[in-house]
Amino acid sequence: MKSKLTRNLGLKIMAILFSVVLWMIAKDINDPVVSNPYYNVPVQLINTGSLTAKNKTYRVLDNTDTVRVTVSAPSSVLTNITKDNIVARADISRLAEDNTVPIEVSLNDKALESDVESIRTDKASVLLEIEDRRSEQLGVEVVQIGELPDGYTTGKIVTDTNTISISGPASAIEPVKRAVVEVYLDDVVSDVNMQTQIRLLDEDGNEVSNANIKKNIESIKVTVPIMMLKEIPISWQVTGTPEDGYVLTGANSCVPNTVVVAGKESALADVDGIEIPATELDVTDAQENVVRTVDIRKYLPANVALGDPDFNGNVVLTAEVEAIRRKTINITESTVPVLNVPDGWLAELVPGQNLRVTLRGLQRNLAEVTESTIQPHINVATILDDNGEITAGEHEVVVNFIIPDNVQQDATVRATIQLTRPVEE
C-alpha cells in the first residue's frame, strides 16, 4: 500500500495543484472580482467630546467629511452591497497635529465584509479647523419699524425674555454685537402681540448668518401696547415765607409747564393736568431763588405714562426771591398841590420843611418810581372839623401819594400848611 501511495508522487502532487488552479480559474470565470464606486458617503465624526471637553470647537474643511468609497468583491457579493451598507468613521480622539483625522471604512454587514477583497476611499482623512469655543449673552433689543399714526405712541414693550445666549467658534461669535427683533408699526392703532425671530447683527447693523453659531432660543414673544397721546398743563404752588427783608417776586416758573402723556383713551378722558403739591417748593427763610427739580411721574394718574420717550419726567420749579430795597424821594414843596381848599380860604405849605418819602420794594420796581409818578398832594378836607369848618393858622396834614401796586410806602409823610382867610376889601 505504501509503495502504491508513493509511486509517482510528484505527478500526483502536480495533479492536485493543477486541479486547484483549474477550480479557481473556473470560479473566477463564473463569479469574477469587480470594483464598484459609491459616491457621497458621509463620514461620521465620533468621540467629538474629546474636543468639547477642552472647550474647543471644530469645523470640517473642504468637504472632507464626504468621500467616494470603492469596494472590490466578487460580483455576486457586490450585488448585495448598497451605499447604506458602507460605514465611514473618523475618530476625533486620533486627531493629528495637522488637524487631520484618519478615515476608517467598513461594512455594517459582517457576512458581506468577509467576502470583500478591499475597500478604498478617495480621501485618507478629514481636515478640521479647530478653534476655542466662545459663549456670549446678549440683551435682545426691540426695533420698531414704521410710524404710528399721529396722536399714538407705544407703551412699555414686554418680551417673554430679554436675553439670548449664543455659542460657537470664536471667529464666528466675534462679529456679533447685537441681538434684535423687529416689530412693524405702520398705521397700527391697537396692541401688537407677535412671535418674532431673533436676528444677530454686527456693529454696522448687518446681519450675521453663520451655521456654526448656536442660539439657545430662535424667537421671542413681543407685546407692544399702543396708547393715545394728550398734552396737559402742569400746575404748582409755593409754600413758606422768605427770610425777613426778602420777598417773593412773583416770577415763579415751571420748565416745562406742559407735558405729553400717554394712555388708553378711557384712562386719559378725565386727565386735564398734573398738580405738583406746594411742599415741593418751600421758600421758608429763603434769601435767594429757590430751585427744585421734581419728577412728575409720581404725580401721574394711574394707567397714564409719559408720552415723550426723550423726556425723563423731571421739571424745574423756580421761586424767585429778592431782597427788599428802599428808595427815598425828595419832595419839592412848590410842586405839591393843596386840594379841596374851602372857598374864601388860602392854603400854602410852610416853607423849609424838607419833605421826603421812603418807598420799599424790589429794585426793578423802585427804579421806575419818581416824584412825578407818585404825584404828592395834600387834601385839606381831611382837617375839617365835624361841622365842616376850618380855622386859620398852621395845620399838620398828611401828604398823600399815588403809589404803584408793586411798591409800598415805608412811613407816613406829614407837612405843615398855613391857612389864612384874606380880608375882603
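Predicted model: local features only at pLDDT ≥ 70, side-chain atom pairs only at ≥ 80, totals over all residues.
1. Ground rules. Local features need pLDDT of at least 70 and side-chain atom pairs count only at pLDDT 80 or more, while totals for chains, interfaces and linings use all residues. Residues are numbered from 1 along each chain as its sequence is written, and side-chain values use heavy atoms, with hydrogens and water left out.

2. Overall form. The protein has 9 helices and 32 strands (DSSP runs, H or I of at least four residues for helices, E of at least two for strands, numbered from the N terminus). Its radius of gyration is 54 Å, well over the 22 Å from the globule rule for 425 residues, so the protein is more spread out than a compact globule (taken over C-alpha atoms; the rule is 2.2 Å times the number of residues to the power 0.38). Along the principal axes, the C-alpha atoms fill a box of roughly 210 × 45 × 30 Å.

3. Burial. Of the 425 residues, 31% count as buried (under 20% relative accessible area; exposed is over 50%, partly exposed in between, with a 1.4 Å probe and protein chains only).

4. Salt bridges. The count is 20 (a side-chain nitrogen of Lys or Arg within 4 Å of a carboxyl oxygen of Asp or Glu). One of them pairs Arg364 with Glu322 at 2.3 Å, N to O. This one links distant parts of the chain, with Arg364 in helix 8 and Glu322 in strand 24, 42 residues apart. Arg364 is partly exposed at 40%, and Glu322 is partly exposed at 22%.
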